[in-house]
Amino acid sequence: MPVVGIGASAGGLEAFKALLQALPEDTGMAFLLVQHLAPTRESLLSEIMARETNLPVQEAEDGAWIAPNHIYVAPPDHSLAVSAERLQLTQGSSRKRAGSDHGELPIDFMLRSLADEIGPAAIGVVLSGTASDGTLGLKAIKAAGGMTFAQDEATAQYFGMPGNAIASGAVDFVLPPAEIARELGRIARHPYLLDRSGRIEEEEDPGASTEQMQQVFRLLRARTGHDFSYYKHATIKRRLKRRMLLSKLERFRDYLEYLRTEPSGVDALFHDITINVTGFFRESKTFDALRESVLPALLKGRSANETLRIWVPGCSTGEEPYSLAMVLLEALGSQPSIPVQIFGTDIDEQAIERARSGIYPSRISSEISQGRLNRFFHEVSGGWQINKAVRGLCVFAPHNVTSDPPFSRLDLICCRNLMIYLGSTLQRRVLQIFHYALKPSGFLLLGASEGIGGSSDLFRLEDKEAKSYAKQSTNSTPTYEFAPARRELGREPQGDPHEPGGRSESEIRQEADRAVLTLFGPPGVIVTRDLTVISFRGKTGRYLEPLPGTASLDLVKLIRQEILVDLRNLFKRALQSDEPVIKTGIELKVDGHGSELNLRVIPLAKDGPERFYLILFDEHPTQAAPSETTAALAAEGAQDDAAPGSEASNARISKLEKELEETREYMQSIIEDQESTNEELQSANEEVQSTNEELQSTNEELETAKEELQSTNEELVTVNDELEHRNKELTDTNNDLLNLLSSVNLPILMLDRELRVRQFTPRAKRLFNLIDGDVGRPIGNLRPNLDLPRLEALAHEVMESMAVKRLEAEGEHGNTQDVTLRPYRTHDQRIDGVVVTIFDRDSPASD
């Protein structure tokens, strides 16, 4: 049964009323309402809501069964959740989730419970309110395949809660409350996902055929460059059904046509497939194991110049890499004694951009302790940003772990909650890639619901609860293909549907040619130079008699024995002359009937790199059998002819002797050729064995070098991408600084530690007689229009004492100038120069 969780705080009462007034009476859904008001008003909420709808409204009771078409209101000072289709109440307005050390806001708590318990049948609605409660819950519902709504800004009295949810990308529909109610009614009647009783259908839709699924994968691959054929199809189908519901389409073939015509629909499906729930310090047991066992093992005996390299594939918006960086800084100190490099990769480029910025909403305070917030974050508009000390350890780049070359020489791979989306074939491939990428002493961290399956030969379990694995050495070096072969899910339709019967004119002509050849053409075979059959033409059964044993296409083992000698002689002549040859009058007896056989060998493809030969069997029956009387007389004559010394007998003997001589000569040539060939083969075999060993060794070295080059290239591309991003940030910062200095209407002069000019404002340019080329010039070389004889000495005192110095100076027109010298501080609190500010007492503050 679908369950709708609706949350609001300030200004939510009117939104609740508008939604319930427009809500259909028979949706088959249950509704949970949570609102934060003064306790006296909360206690009356169920009574107020009962006046706005004909649906039964009651205050939630702990352990009560959830019924469709009912509205349950959370009582004052209680958190409401769902467990095993029952309501669950907890004292207090917020509580902790399992595995979390921090309290969770009540709307988030309710919506997360719906995502965990109801899954795709969960629906989340966030109405008017302040702060950010509900955003994390909507993200959990969307990741589980459910639907999410938020009130629009025009109707919301307070847009804080809906606005935060919309900005996070977790909202499917932004509507007024009345429109939300009507949309819920439409969802309840949607035939693709919901039956009339409101239960989610789990059976595979008969319209979503194998070929249609393949077409979806092709569209995704053409649009995004990523192949999802080996992902778990059950997950893909849930996302497809969800997108159909959002697109207001009821039949799969209509949705497929929509994808073909709307590229934005393919983009939306891609983001739905790649969505995942992430957060800081998820599954705390993993980080405990990292701190207590994995890190000590990795740091043991490590030299000061050996970089600790970590890879986080599927990093989403960067919470996982930053969590690892914080744990490392806590373990190593704010100034790590060894270099640290953390690579965060994902196929979603939008998520990578968010990870690079390192800016997260204020709601992360429910995931991170106050001590870590103070140490590793600083407040920005609308949330928190990771400090540069943490961001400097992390490099983010788009990367597909299933197809792109991996990073190499890694100490740790943290891949959590990615493998659950992959099929078994792809899981095995990814684990092989991880095994290649890790050092012999490397570790692999997986999610709580993941494992290595049948790859126990690659990794050894270290900590069952934390799902940490150590790399195992293998006897052989596996070959890793970084691009998986595309799986064909169905066959392409054959023939042209616009032609009669799906048969083309050329196909009909070919069939007619085959009929003529069958009736009038002699049977035959096409063979290679070594008499291997590659094609049979016509009925060749009269001439072929396979020998018992292993099946073979060697014509020598297939041909009837009485034809073999003539065939070998004829074929040898064809090889030597490279011209068609024929032998006639070969006697053949099949089933007691005699006939004469003409053998033809015709060379084919004379201009091609490989030669083929056509062997034709042209059979002619002997004279027809006479009548019985004639046959008896012929038999008597045959007996007389067969008598010793007769002409017929002598002719027969001569013929047999000739055949015997030909066979003897042929066998002798075969023996000589065989002996010569054996000697050559023996010599070649010894050379090949020696060369093979060398090539095997060289091949292994080349394979290793190739894999290392691929990984190094991928790493260089990633680092280059990160450097380009940081260069852009530096350029933007420099532009901001230049514009700021140009806009300040005060003389300001910045000096470095050697008292050379670093920066100055236009007003300082006139007072100190500066030009643009004076940057880097010592201050002692300047001749300012002020009486400042001790400027250099005062600047040194300011740097040494780190105290501000103030003095008065006389300008060129006799006016009094207040001169202030302040230490120039870097972001890490080092003194790297002096800032000189001058204020003219006798003139207005601005021109």
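Colleague: How many helices and strands does the protein chain have?

Modeller: The protein chain has 24 helices and 31 strands. Both are DSSP runs, numbered from the N terminus: helices are H or I with at least four residues, strands are E with at least two. This is a predicted model, where local features need pLDDT of at least 70, side-chain atom pairs count only at pLDDT 80 or more, and totals for chains, interfaces and linings use all residues. Residues are numbered from 1 along each chain as its sequence is written, and side-chain values use heavy atoms, with hydrogens and water left out.

Colleague: What share of the protein chain counts as buried?

Modeller: Of its 847 residues, 44%. Buried means under 20% relative accessible area, exposed means over 50%, and partly exposed lies in between (1.4 Å probe, protein chains only). The accessible surface of the protein chain is about 44100 Å². Carbon and sulfur atoms hold 50% of that surface. Such areas come from the Shrake-Rupley method with a 1.4 Å probe; for residues, only the protein chains shown count as cover.

Colleague: Why is Arg239 called buried?

Modeller: Its relative accessibility is 4%. The limit for buried is under 20%, so Arg239 counts as buried. Arg239 sits in helix α9 (residues 233-246). Leaving out residues up to four places away in sequence, Arg239 touches Lys142, Ala143, Ala144, Gly145, Leu269, Asp272, Ile273 and Ile275. A contact means heavy atoms within 4.5 Å.

Colleague: What share of the contacts in the protein chain joins residues 24 or more positions apart?

Modeller: Those pairs make up 63% of the contacts with a separation of 6 or more.

Colleague: What makes Lys285 and Glu465 a salt bridge?

Modeller: The rule asks for a side-chain nitrogen of Lys or Arg within 4 Å of a carboxyl oxygen of Asp or Glu. Here the closest N and O atoms are 3.7 Å apart, so the pair meets the rule. Lys285 is in helix α12 (residues 284-299), while Glu465 is in the loop between β20 (459-463) and β21 (468-471), 180 residues apart. Lys285 is partly exposed at 49% relative accessible area. Glu465 is exposed at 59%.

Colleague: How many salt bridges does this rule give?

Modeller: The count is 37. One of the pairs is Arg542 with Glu619, whose closest N and O atoms are 2.5 Å apart. Arg542 lies in the loop between β23 (533-537) and α19 (555-558) and Glu619 in strand β26 (residues 612-621), so this pair ties together parts 77 residues apart in sequence. Arg756 and Asp752 also meet in a salt bridge, at 3.4 Å from N to O. Arg756 is partly exposed at 33%, whereas Asp752 is buried at 14%.

Colleague: Which residues are linked in a network of salt bridges?

Modeller: Glu353, Arg356, Asp721, Glu722 and Arg726.

Colleague: Which residues form a nonpolar patch on the surface?

Modeller: Val516, Leu519 and Phe520, with about 380 Å² of accessible area together. Phe520 is exposed at 68%. Phe520 belongs to helix α18 (residues 505-520).

Definitions and conventions:
Patches are made of residues with over 30% relative accessible area and no salt bridge: like charges are joined within 9 Å, nonpolar side chains (Val, Leu, Ile, Met, Phe, Trp, Tyr) within 5 Å.
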